[in-house]
Every structure is written in structure tokens, then in C-alpha cells.
Amino acid sequence: MANDNLADKTVFITGAGSGIGEAAALLFAKRGARIVVLDIEGNRAEAVAEEIRKQGGECTAIAADVGNESDMKQAIGETVSRFGSLDVLINNAASQIMGPLHECTEEQFDRMMQVNVKGVFFGCKYALPVMMSRRSGVVLSVSSVLGVVGDPDLSVYGATKGAIIALTKSLAVAYGPYGIRANCLCPGDVNTPMVKRFFDYQSDPEQARDQVNRHYPLRRIAEPEEIASALAFLASSDASFISGSSMFVDGGLTSEVY
């Protein structure tokens, strides 16, 4: 395993059984961090953990629902018991349900809020005291460009991502005196299972993918590894004076006027 300034850090990643979370787990492990792979699908979490172990990394898998407070309390407690610390919390798990606002059910609304907002809240609630006691730590949350711009079929999802941006700023202000940094990423479309479901929702998935690609100045969407690299930078000491920020990793998407 390579040594850099993430070596020997304990990194807790939610939604790490696939997509951005999986890519982050593999990258942080490669850079020498101890990894906690948490996912609601225990078999996915274990598969990622096993891959990390095969590569010589130290990792544990936990099956948990981030929207369940007792699950998160237990998971973070288990992390500290096993590794003795918690240096980086990555709030990545998300629920995305497509459809216009007037067709969104209360159950769908509640689920997106439970995972995307409560999940971040619970992660922070139980990770922060550990970090405060050590007077150091990094909280990273995956928001979205939809936290600042709109999509007609993702209004509630966008609202949850906007909440993450606001929460991140408050965390940076409140916990900075304890040596804790808080930042969030705002990716555009990323080539993950969640985005595939978005395209599959369209009448012509391939045409929809081509149209989306053309909206990006780089003429493509991101790969999970590119978002993971941005997370690794923000977690490292290279970003030691960055806190309260929302980093847009969107290939220039939100820079265009028309």
C-alpha cells in the first residue's frame, strides 16, 4: 500500500457498496487508509471489503441503513472499537426517486429525506464527538449540482442535496474550533448504478445518455474514480485550509449560461 498523508487514517464511507462510495473505498485503501465500508446491502459491502483485503488493505464491512439512528450509532461505535479512531466520515449514501413533484408520494418523499438528509445527520451526530475528543477530523458529504440547479423530475432529491450544502457550512462554523473540517462535493452525472436508473427511466435510454453527454463541455459524464479523487484531496492535509466549501466536480456543466 502506498504511503501518503491518508496513511493510517480511519475512513468511514456510507453507500460504499457501489458507485462513488465503492471507488472511494478502493482509492483510500490504496493510499493506506483503514476503511469501513457501510451499505444497506451487506453482500455488496462485503464484496468491496474483500477486494480491499485482497489488495493488502485493512477493511471491515457493515450492513446498515443510514436513515436508522440505532444502525448508525452502532456502526460508528463498532468502527471506534475496532480501529481506535475515526478520522474521515464520508456521507455518500443516497436515495433517488424519479418523477414530477405532484406525483411524489409521501412515502417516497420520506425515504429520500431519511437517507439523504437524516443519513448525513446521523453520521455526523455520532462521528463528531469522536473527532472532537481528538480535536481533528474531516467530514465530507456528497451533495450534487442539483443542490443549486433544478431538474423537473428530481425536485425532492434536489431539495435534499441543497440541505447537505447548508448543513456543511454550519458544520464548518460550529466544529472548526475543534480542528474539524467539513466540505461537500457537488458532482454532476456520474457513471454509477443510480445514474443508469435515471437513463433507464427515459423513453430512449441511449438517446438520453447521448443528450446528457452533449450538455457537458467535456462531452461526457464523470467516472466514479474521478469523484473519489476529489474526495481524497479534500480528506488529505493538502486541503488543510479548505472548510465550509462546496466543490463542483461537474465537468463545467454549471458554468454555461445556455
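Biologist: Which residues are linked with Glu46 in a network of salt bridges?

Modeller: Glu50 and Arg53 are linked with Glu46 in that network. Keep in mind that this is a predicted model. The general idea is that side chains of opposite charge can pair when their charged atoms come close. Here Arg53 pairs with Glu50, and their closest N and O atoms are 3.2 Å apart.

Biologist: How many residues apart are Arg53 and Glu50 in helix 2?

Modeller: They are 3 residues apart in helix 2, so about one helical turn separates them. Arg53 is partly exposed, at 31% relative accessibility, and Glu50 is partly exposed too, with a relative accessible area of 35%.

Biologist: How many salt bridges does the structure hold?

Modeller: The structure holds 7 salt bridges. One of them joins Lys196 to Asp200, with 2.9 Å between the closest N and O atoms. Lys196 and Asp200 are 4 residues apart in helix 6, so they too are separated by about one helical turn. Lys196 counts as partly exposed at 46% relative accessibility, and Asp200 counts as partly exposed at 42%.

Biologist: Which residue forms a salt bridge with Glu226?

Modeller: Arg220 does, and the closest N and O atoms of the pair are 2.8 Å apart. Glu226 has a relative accessible area of 34% and is partly exposed. Arg220, with 37%, is also partly exposed.

Biologist: Which residues of helix 8 are buried?

Modeller: They are Pro224, Ile227, Ala228, Ala230, Leu231, Ala232, Leu234 and Ala235. Helix 1 (19–30) is part of what covers them, and so are strand 4 (88–91), strand 5 (137–142), strand 6 (180–187) and strand 7 (246–249).

Biologist: How far does helix 8 reach from its first C-alpha to its last?

Modeller: The way to read such a span is to set it against the value expected at 1.5 Å a residue. Helix 8 (residues 224–235) has 12 residues and reaches 17 Å, close to the expected 16 Å. Helix 1 also has 12 residues and reaches 17 Å, again close to the 16 Å expected.

Biologist: What about backbone angles? Which residue just after helix 1 takes a positive phi?

Modeller: Gly32 does, at about 95°. In general, most residues other than glycine have a negative phi. Arg135 has a positive phi of about 55° although it is not a glycine. Arg135 is located in the loop between helix 4 (106–134) and strand 5. Arg219 is another non-glycine residue with a positive phi, at about 60°.

Biologist: Where does Arg219 lie, and is it buried or exposed?

Modeller: Arg219 is in the loop between helix 7 (205–215) and helix 8. Its relative accessible area is 52%, so Arg219 counts as exposed.

Biologist: Which residues make the nonpolar surface patch?

Modeller: Val148, Val149 and Phe248 make a nonpolar patch of about 240 Å². Phe248 belongs to strand 7 and is partly exposed, with a relative accessible area of 35%.

Biologist: Where is Gly147, and which residues is it in contact with?

Modeller: Gly147 sits in the loop between strand 5 and helix 5 (155–175). Leaving aside neighbours within four places in sequence, Gly147 is in contact with Gly158, Lys161, Gly162 and Ile165. The C-alpha atoms of Gly147 and Thr160 are separated by 7.4 Å, with the two residues 13 apart along the chain. Gly147 is partly exposed, at a relative accessible area of 23%.

Biologist: Which feature does UniProt place at residues 9–152?

Modeller: The unreviewed UniProt entry places "domain: Ketoreductase" there. In the model, residues 9–152 are 48% helix and 18% strand, and the end C-alpha atoms of the span lie 40 Å apart.

Note on methods
Residues are numbered from 1 along each chain as its sequence is written. This is a predicted model: local features need pLDDT of at least 70, side-chain atom pairs count only at pLDDT 80 or more; totals for chains, interfaces and linings use all residues. Side-chain values use heavy atoms; hydrogens and water are left out. Helices (H or I, at least four residues) and strands (E, at least two) are DSSP runs, numbered from the N terminus. The expected span of a helix is 1.5 Å times one less than its number of residues. Buried means under 20% relative accessible area, exposed over 50%, partly exposed in between (1.4 Å probe, protein chains only). Contact means heavy atoms within 4.5 Å. UniProt positions are given in the numbering used here, feature names are shortened, and annotations may be inferred rather than shown by experiment. Patches are made of residues with over 30% relative accessible area and no salt bridge: like charges are joined within 9 Å, nonpolar side chains (Val, Leu, Ile, Met, Phe, Trp, Tyr) within 5 Å. Accessible areas come from the Shrake-Rupley method with a 1.4 Å probe; for residues, only the protein chains shown count as cover. A salt bridge is a side-chain nitrogen of Lys or Arg within 4 Å of a carboxyl oxygen of Asp or Glu.
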